[in-house]
Amino acid sequence: MTRSGAFAKASAKLVALAKKAIKLTDQKPLSFQQIILKLHDYWSDQGCSILQPYDMEMGAGTFHTATTLRALGPDPWNAAFVQPCRRPTDGRYGENPNRLQHYYQYQVILKPSPPDIQQLYLDSLTAIGIDPMLHDIRFVEDDWESPTLGAWGLGWEVWCDGMEVTQFTYFQQMGGFDCKPVAGELTYGLERLAMYIQGVDSIYDLDYNGNGVSYGDIFLDNEKQMSEWNFEVANTETLFDLFNKAVGECENCLEAKLPIPAYEQAIKASHVFNLLQARGVISVQERASYMGRVRDLAKGSCEAYMAKNGWAA
Amino acid sequence: MANFLLELLSEEIPARMQAKARADLERLFVAQLSDAGLKAADIIVFSTPRRLALIAKDLPDQTEAVSEEAKGPPEGAPDQAVDGFCRKNGVTRDQLEVRDVKGRPTLFAVINKPGRATSDVLSEAIPAIIKAFPWPKSMRWGDASLSTESLRWVRPLSGIVAILGDNLVACEIDGVASGYETVGHRFHHDGVVTIGNAGDYAEKLRACHVLVDQAEREAIVRDGAAKAASGGGLELVADEGLVIENAGLTEWPVPLLGEFDPAFLDVPEEVIQLTARVNQKYFICRDKSGKLAPNFICTANIDASDGGKAIVAGNEKVLAARLSDAKFFWELDQKTPLEDHAKKLSNIVFHEKLGTVADKVERVAKLAEWLVSLEGNGFYQSSPGDTLHGEVSEAARLCKADLVTEMVGEFPDLQGLMGGYYAEKQGKSEAVANAIRDHYKPVGQGDQVPTDPVTVAVSLADKLDTLVGFFAIEQMPTGSKDPYALRRAAIAVIRLIEELNLRVSITAAIEQAFNIYMDVFVQRVSDISPEFKAFTESKSFEDPVSFRIIVDLVAPKGKNTGTEALSSLTTRLKLPPKGHEIIELAVGMAADPLKLADQILGFFADRLKVQQREAGVRHDLIDAVFALGGEDDLVRVLARVKALQAFVETPDGENLLAGYKRASNILKKEMKDSSAPAQAGAHLPHDTSDAPSGDGPLPTQGNKGLSYTPEKAEKALIDALDAAQPDVTAAIEAEEFEKAMTALANLRAPIDQFFEDVTVNDSDAEKREARLALLARFRAAVHQVADFSKIEG
């Protein structure tokens with residue numbers, strides 16, 4: 001069968017699913033946690049290992065070792081997980097209905113990228129109740145680059161009626177190394193998707209559990225307090241100190257040839273740097289040099305990981 | 001004759017790449033055909049987000065048979081050579097022919113190539129085209145990407161349709177094989193679409209909700225958007241870039257009109273436009289009176305089952321979210337006056353060796369105040385206390401305040417613009433608001449130079465401050481690296497000065513900027529250390545005070561190094577660590593300000609050469625004028641250069657240059673031969689060819705003390721110099737450079753005659769020295785205009 005044949009077969013499957021979805025939308029939309037559960041079910045059915053979140057502060061699911069480190073080397077790897085993300089500068093004291101300094105990404109990594117990855121993704125949208133005949137779903141160019149991870153890839157942001165709901169990337173390089181083979185990464189913005197599916201205008205109004213608990217009930221206080229801390233209270237001297245200590249510890253780990261703990265320190269340095277940014281104490285000129293330091297740590301960790309596994313660049 | 005269809009199916013191709021991809025596909029295809037001796041009657045190319053396609057009309061069924069000859073070794077060459085030749089050309093030995101080449105019997109192979117089936121040519125051409133395709137960015141994917149040598153395409157290539165007439169052109173690349181089957185619209189069509197031939201391609205796809213012709217989709221977007229707008233009683237703000245982009249994002253475009261809450265119209269238009277166009281690819285509309293309307297037009301890719309209601313509702317929600325973010329920033333930012341925003345600049349490091357952005361702003365203000373109070377600056381005039389002075393001072397101190405606002409944090413492109421808006425809202429004068437908005441200008445070659453005096457002063461001061469700071473810490477651009485955009489800053493300064501005829505001594509401005517750096521450092525330390533303040537006030541220094549303080553304070557004394565001097569000062573004055581740090585910065589910067597000025601002036605000269613090249617101004621003439629030394633008024637430099645260029649291209653100019661070079665060579669030789677300078681009542685300018693020689697005292701009336709009767713030509717030159725020199729000097733003082741050139745031209749005949757008739761190297765030492773002095777006088781006269789030794793030719 002040619003690839004276009006496979007594609008057509010997948011399309012047919014999609015239309016069947018879409019027809020089911022139309023019925024689904026008549027029902028009560030999925031709660032926040034049901035969306036996660038559905039995605040877990042769906043990707044579990046596709047053979048993914050369902051992981052739990054990484055227990056460290058990070059700016060994106062891509063920082064999870066299951067993505068960054070596992071994108072390296074030749075071994076196949078299929079995983080899905082929720083990752084809480086912290087972006088201190090995005091905090092709005094709980095006052096903006098669309099922005100949070102702490103939110104959730106649903107992350108899928110498929111390595112090597114399967115030929116029907118786009119269709120697999122579209123089917124996952126149908127599974128959570130988005131009808132592609134009613135909504136405008138589009139793959140819009142968005143090349144991904146993470147200077148802090150020394151990584152880049154090509155792909156799209158997926159739009160649903162003009163809203164970016166997923167970042168879709170074919171990793172080409174990670175930590176400065178060519179990805180052999182290339183992994184496909186899907187990153188769903190869970191809150192945005194849920195707002196869409198539930199038709200609410202504020203994140204805080206999201207139905208969290210389908211049983212009377214809203215997203216705001218759980219997270220509004222967190223947003224208020226964390227925003228205040230991120231922007232106003234966090235002691236910058238402590239943060240500068242933490243940054244330098246994480247850098248030092250990362251170097252220590254690298255010397256001991258321990259790539260995973262080294263990488264954790266790189267993540268830590270990266271998050272502290274984000275906090276310093278939120279405190280507004282890093283100028284445009286200095287920013288590049290800090291990012292350069294974090295990049296060196298992340299790249300060093302990736303390099304050590306490659307070496308530890310005996311993989312050639 | 002048959003028509004050929006090629007479709008390369010892939011995952012979504014970025015809209016911005018499609019136009020070039022179509023052109024590349026056609027170009028590569030034509031090249032492949034012509035290599036095989038084939039030509040199509042016509043070629044049409046299509047693109048959609050998911051496919052690139054080409055139809056070639058009336059291709060011959062096969063290529064023409066050709067007969068080629070290959071020249072081989074001479075007859076009787078070793079067997080090895082002959083066999084090799086046969087192998088290479090696919091002939092046997094008995095098929096070789098012998099021909100005479102310049103009297104030498106030589107073997108020839110005649111290779112008859114029968115016509116090849118076009119279909120065979122195409123099955124080789126397609127993979128070759130795919131491999132050679134010049135995507136701006138390409139990628140690897142899937143199982144094959146285990147090797148970095150795997151096929152690269154803009155996004156994964158998923159299928160190939162290749163049909164010549166009604167027949168499949170079989171080919172395969174990296175596991176993707178050609179076939180008759182493609183896909184229709186991603187959501188509107190179920191299953192495969194089987195294409196019969198080039199003739200039914202577009203129509204079959206149309207039936208499956210794919211419009212392959214981008215021009216047709218563009219027309220639908222363009223007309224559909226206009227129609228949607230007029231349907232709402234509005235006028236579309238035409239945007240061809242958006243038309244093309246939306247056509248490149250859709251296979252079945254459906255423009256839809258949406259609206260947003262008019263309350264968002266409080267937000268500046270630029271912000272709304274930026275949000276709608278750049279982030280969402282929406283068209284915007286104006287109402288009948290030309291005001292921005294609370295509407296937008298998005299382009300969907302489906303005929304939705306509900307007529308697009310859900311899509312419009314979704315897009316409205318997205319835009320509302322984005323605009324509410326913008327409105328939130330807009331309102332939040334205004335709650336804080338710019339003066340208070342500006343205070344936060346002291347938390348932002350401008351450069352680790354140059355202090356904070358607040359320091360920079362303070363310096364820019366001081367320098368801008370100095371610039372406007374310069375006498376005869378040719379453009380504006382102010383003194384402390386007047387309106388202009390006050391506005392310059394205020395605008396400079398607020399010009400970077402918007403950097404810490406939320407809006408600029410979100411949309412960095414809006415720096416300056418937002419500051420201008422906030423200043424306006426805060427009731428600042430128009431001149432101040434304009435200066436805050438436009439002080440980054442001119443940004444590029446095409447950008448307009450601001451003309452408002454307040455803006456000009458702040459813009460100039462900002463750029464000069466940056467240049468001086470980074471040069472002082474030796475962060476000048478190298479090769480292609482210019483991380484602080486210093487070249488752009490220098491070009492901006494040149495353009496401001498040149499286009500507005502500003503009369504500023506660059507050297508003086510650089511020294512001033514440097515002293516201001518020191519002033520601000522000293523001021524910062526004084527702010528936090530009363531002991532330091534009292535100490536500096538107790539000292540009496542010449543101007544510039546701060547620089548002397550810094551140098552004096554940390555100058556090595558006795559056995560102490562500078563570092564030790566600084567440490568002992570810190571202890572003695574109980575300086576807080578911050579104060580110590582600041583003084584360290586000042587010491588780090590405290591280069592020789594004159595040397596610094598020289599370096600930066602040289603940088604300006606280089607930028608000027610590059611910038612003026614397009615205008616046809618010769619770089620050697622710019623060098624010739626700068627080589628005079630002391631010339632740092634760019635307006636005057638350019639006037640001189642332009643007059644000089646006109647002059648040296650006349651016969652008078654050429655001959656004078658020749659005479660000058662001859663005189664100069666003789667003088668150079670003499671300087672080398674005798675270490676004692678010639679003495680004949682005239683000063684012989686010191687001479688190394690790169691030392692400027694125009695600023696020494698001018699030798700005048702050099703013939704007065706002659707002890708012998710000069711020869712006729714010698715006398716004529718003396719007289720001509722006596723006559724021309726005052727004219728040249730007066731003309732230059734009046735900045736009438738053409739007149740100066742005319743006066744110089746009068747020296748041409750006498751100098752020619754002098755070399756014709758007079759022996760410089762006379763055996764009489766007195767004559768020889770007097771004549772050398774005369775030549776030196778001649779050279780000095782010419783040097784009043786430019787250093788002619790730098791002129792080429």
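Visitor: What makes two residues count as in contact?
Guide: Their C-beta atoms, placed from the backbone, lie within 7 Å. The contact here takes 45 residues from chain A and 55 residues from chain B. This is a predicted model: local features need pLDDT of at least 70, side-chain atom pairs count only at pLDDT 80 or more, and totals for chains, interfaces and linings use all residues. Residues are numbered from 1 along each chain as its sequence is written, while chains are lettered from A and ligands numbered from 1 in the order in which they are written.

Visitor: Which element gives the largest share of chain A's side?
Guide: H1(A) does, with eight residues. Helix H1 of chain A spans 3–26. Helices (H or I, at least four residues) and strands (E, at least two) are DSSP runs, numbered from the N terminus.

Visitor: How many residues of each class are on that side of chain A?
Guide: There are 20 nonpolar, 14 polar and 11 charged residues. Asp, Glu, Lys and Arg count as charged; Ala, Val, Leu, Ile, Met, Phe, Trp, Tyr, Cys and Pro as nonpolar; the others, Gly among them, as polar.

Visitor: Why are S5(B) and S6(B) called paired?
Guide: Two strands pair if DSSP finds at least two bridges between them. S5(B) and S6(B) have five bridges, in the antiparallel sense, so they pair. In one of them, Val101(B) has Arg104(B) as its bridge partner.
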